[in-house]
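Subject: Structure handover

Hello,

Here is the structure for you to look through. My notes on what turned up follow below it.

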Amino acid sequence: MSENYYEVLGVDPGASRDELREAYRTKVDDLTAAREKKGVTDSQLASNRAQVASLRSAWNVLSDPFQRSRYDERVLNPSDTVGGDDVEIVDDAGAGGEPEVQLTGWRKLMAPTPPKPTASGVKPGTGKDAPPPRGRREPTIVLPDGMRIAQPKTRGMALLFDLAVVLVILYAVQFIVPPMIQSDYKDIQSQVIEVDKASSAKGDINDAQAAITKAENNNKSGDLKDAQSDLKNAQSDLKSAQKSFNEKQANMNKAAVDWTPASVTQKQLDSLSSSLADDIKTTGYITALVTLVLALLYLVPVTAYTERTLGMRRRKIKVVRVDGSRIGWYPAFARFIIPLLIALAIPTIGPILGLGMVLWGYRDANGQGIHDKLARTIVVDA
């Protein structure tokens, strides 16, 4: 016979939800503190974890009114559900040790096909929640009644949908806004790219020339041949970048720049790149600001009003405060502004940092990304 969940928590069968929660938190805290003591053996640690798992199973069932009612009927009052010779109670260890009603005779023939076991081995409809994913830590917060942290896969699908919408906003703004502000924006932006290519090629030329000198001094024909090949390729890259840049300048009615390998230095190319970038800096700032505003308009109001983005709505999850209350305007704004601002404000690595803040939730015991921790929010099942 399976263990009695009320005895596991150390409460009476008539205990209230608050009493159940208090007993659960107290016992889990005691067991967690016991792990930190010195001299804990492997067997004691395994026993400790097994007790925490039992407590969590008991809490998951007894904290839900529907599951608790079914549990009481099946375990505390089994005679109420038997109903005669055609029904018997068996101890099904495959369902986690909880008694299950077994049909026989004509009732078995008329009954629907039983559900298949889930991947975790727990049968749906047995009144028990599936155990947490392997390797995932116990949550450090106790959720309000009826709430459960959303599964990582579900959050990931919602994130992909919302990220796709934000990327569409980004590309649309970059395509529409800059030409409206500065007619030659894209031409100058292309020139910056070509100058940067030329600067990189010039650096390769300098490295190749140094390698040639070293190989000649050391009388290493193999190294000399490789260095000469690198020099030839770098000079070709430099000429290609120069040609492309001058073509774009000709379209803008500006004089061409002499970029022969002997006349230009890498420092001069870097200075030219900075000068060109300064010409479009203001337009770039305005473009980033418009992108930020539109992304926030997509994410914040719908979250403040409905507690979920469009991606979350499709996956039936929502965002709430850590105490279970509605998220509201300020937490919704704080949750999205930080990763978006970092992604747009820091060149190159900004998007990686912003996305990393969100993806941190997949390592966190409570499923909270860094942006959730700052805004004091959690993502739960709707």
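Two strands pair if DSSP finds at least two bridges between them. Helices (H or I, at least four residues) and strands (E, at least two) are DSSP runs, numbered from the N terminus. This is a predicted model, in which local features need pLDDT of at least 70, side-chain atom pairs count only at pLDDT 80 or more, and totals for chains, interfaces and linings use all residues. Residues are numbered from 1 along each chain as its sequence is written, and side-chain values use heavy atoms, with hydrogens and water left out.

The strand pair

β3 and β4 run antiparallel and are joined by five bridges. Burial is scored by relative accessible area: buried is under 20%, exposed is over 50%, and partly exposed lies in between (1.4 Å probe, protein chains only). On that scale, four of the five β4 residues are buried, so the strand is largely enclosed by the rest of the structure.

Two loop residues to check

K316 sits in the loop between α12 (310-315) and β3 (317-321). Its phi is positive, about 60°, although K316 is not a glycine. K316 is exposed, at 62% relative accessible area.

R376 lies in the loop between α15 (370-375) and β4 (377-381). R376 is not a glycine either, yet has a positive phi of about 60°. With 55% relative accessibility, R376 is exposed.

The helix pair

Helix α13 (residues 329-345) packs with helix α14 (residues 350-359) at about 160°, and their axes are 6 Å apart. Axes are lines fitted to C-alpha atoms, for helices over the stretch in contact; angles run from 0 to 180 degrees between N-to-C directions. Angles under 35 degrees count as roughly parallel, over 145 as roughly antiparallel, 65 to 115 as roughly perpendicular, and the rest as oblique. α13 and α14 are therefore roughly antiparallel.

Which residues meet? From α13 come I338, P339, I342 and A343; from α14 come G350, P351, L353, G354, M357 and V358. Contact means heavy atoms within 4.5 Å. By class, this contact between α13 and α14 has eight nonpolar residues, two polar and no charged ones. Ala, Val, Leu, Ile, Met, Phe, Trp, Tyr, Cys and Pro count as nonpolar, Asp, Glu, Lys and Arg as charged, and the others, Gly among them, as polar.

One more position

D237 is in helix α9 (residues 221-251). D237 is partly exposed, at 46% relative accessibility. D237 and K202 are 35 residues apart in sequence, with 8.7 Å between their C-alpha atoms.

Best wishes
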